[in-house]
Amino acid sequence: MREEMKKIISNPTKAEIIKEGHSIRMRLLKAIEQCDEEGYQKIEKQLKEYITADTFDLIKRVSGNPLRSYKNFLLSHNSLYAYAAERGRMSPALSHYMSEKYAILIESKNTIEELQELHDYFLKDYLNANNRIQLYRSESLSIRVLQYISANFMNQININQIANEFFVTRVHLMRIFKKETGMTINEAITSKRFEEACILLRKSDLTITEIALMVGFNSPQYFSNFFYEKFGVTPTNYRKENQRK
């Protein structure tokens, strides 16, 4: 390791490349923290060039296994992105969930091209301002509740807990939410959980039980029965018909 560092220090070109690469990464993390999509777009081309050209020999880190090397790179950056998003007011629960979800999806990929596509996808997810705790209160109660559900669906949330969170009565919350969204609170929670479950069924190799628990269902059997009731197909058959889509 010391010899490698000496080579880098004695090679101004290599040192400058590393310095520039780290600068790009810091700007990327700042953009994620601030939900700054415009800032990300300014460095997007440079970022992809560094990765595609393997400027830092990332794909050579595991000898003879470029796929494993690339997975290791994305796993480390996935953690960095989650941390940056949490610094930018993503809820700890959602940050943890997203970090776990994308770590699982990274491991499920079989080609570098698939990993590159996934990287683009989860970068945009971490940048998405809709995934952050909002400081302002100008939106309607229903929009704020939907944001809360999106940030906490993986936990055991219920109507009473949400009503307390927004300092309203249970009855008022249910009435306003139903009027403005056409859904009940429980329907909104379940809908979000199914949305995430479908992604994991399509794109991961997790068991049905693991997926059910990961997205917030206490009972895998209840998840499977309710899934069939909603979609007319079992989770297993849904996966077979939609794998990797």
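Trainee: Setting aside neighbours within four places in sequence, what is Val233 in contact with?
Mentor: Val233 is in contact with Phe227, Tyr228, Tyr238 and Glu241, where contact means heavy atoms within 4.5 Å. This is a predicted model, in which local features need pLDDT of at least 70 and side-chain atom pairs count only at pLDDT 80 or more, while totals for chains, interfaces and linings use all residues. Numbering starts from 1 along each chain as its sequence is written, and side-chain values use heavy atoms, with hydrogens and water left out.

Trainee: Where does Val233 sit?
Mentor: Val233 is in the loop between α12 (220-231) and α13 (235-242). Helices are DSSP runs of H or I with at least four residues, strands are E runs of at least two, and both are numbered from the N terminus.

Trainee: Is Val233 buried or exposed?
Mentor: Val233 is buried, because its relative accessible area is 14%. Buried means under 20% relative accessible area, exposed over 50%, and partly exposed in between, with a 1.4 Å probe and protein chains only.

Trainee: Back up a bit. How many helices and strands are there?
Mentor: The protein has 13 helices and zero strands. Of its 245 residues, 43% are buried. Among contacts with a separation of 6 or more, 64% join residues 24 or more positions apart.

Trainee: Which residues have the most contacts inside the largest nonpolar core?
Mentor: Those are Ile32, Tyr97, Tyr126, Val145, Ile162 and Phe223, in a core of 64 residues. Helix α10 (residues 185-203) supplies the largest share, eight residues. A nonpolar core here is a set of buried Ala, Val, Leu, Ile, Met, Phe, Trp, Tyr and Cys residues joined through side-chain atoms within 4.5 Å.

Trainee: How do the axes of α10 and α12 cross?
Mentor: They come within 12 Å and cross at roughly 95 degrees, so α10 is roughly perpendicular to α12. Axes are lines fitted to C-alpha atoms, for helices over the stretch in contact, with angles from 0 to 180 degrees between N-to-C directions. Under 35 degrees counts as roughly parallel, over 145 as roughly antiparallel, 65 to 115 as roughly perpendicular, and the rest as oblique.

Trainee: Which residues meet there?
Mentor: From α10, Thr190, Phe194, Ala197, Cys198 and Leu201 meet Phe223, Phe226, Phe227, Lys230 and Phe231 of α12.

Trainee: Now α4 and α6. How do those axes cross?
Mentor: Helix α4 (residues 66-87) and α6 have axes that come within 11 Å and cross at roughly 0 degrees. They are therefore roughly parallel. The α4 side includes Leu74, Asn78 and Ala82, and the α6 side includes His119, Phe122 and Tyr126. By class, this contact has twelve nonpolar, three polar and one charged residues. Ala, Val, Leu, Ile, Met, Phe, Trp, Tyr, Cys and Pro count as nonpolar, Asp, Glu, Lys and Arg as charged, and the others, Gly among them, as polar.

Trainee: What is the reach of α6 from its first C-alpha to its last?
Mentor: Helix α6 (residues 112-127) has 16 residues and reaches 23 Å, close to the expected 22 Å. The expected span is 1.5 Å times one less than the number of residues.

Trainee: What follows α4?
Mentor: Arg89, whose phi is positive, near 80 degrees.

Trainee: Last one, Ser99. Which helix is it in?
Mentor: Ser99 is in helix α5 (residues 92-108). With a relative accessible area of 16%, Ser99 is buried. Leaving aside neighbours within four places in sequence, Ser99 is in contact with Asn78, Ala82 and Tyr126.
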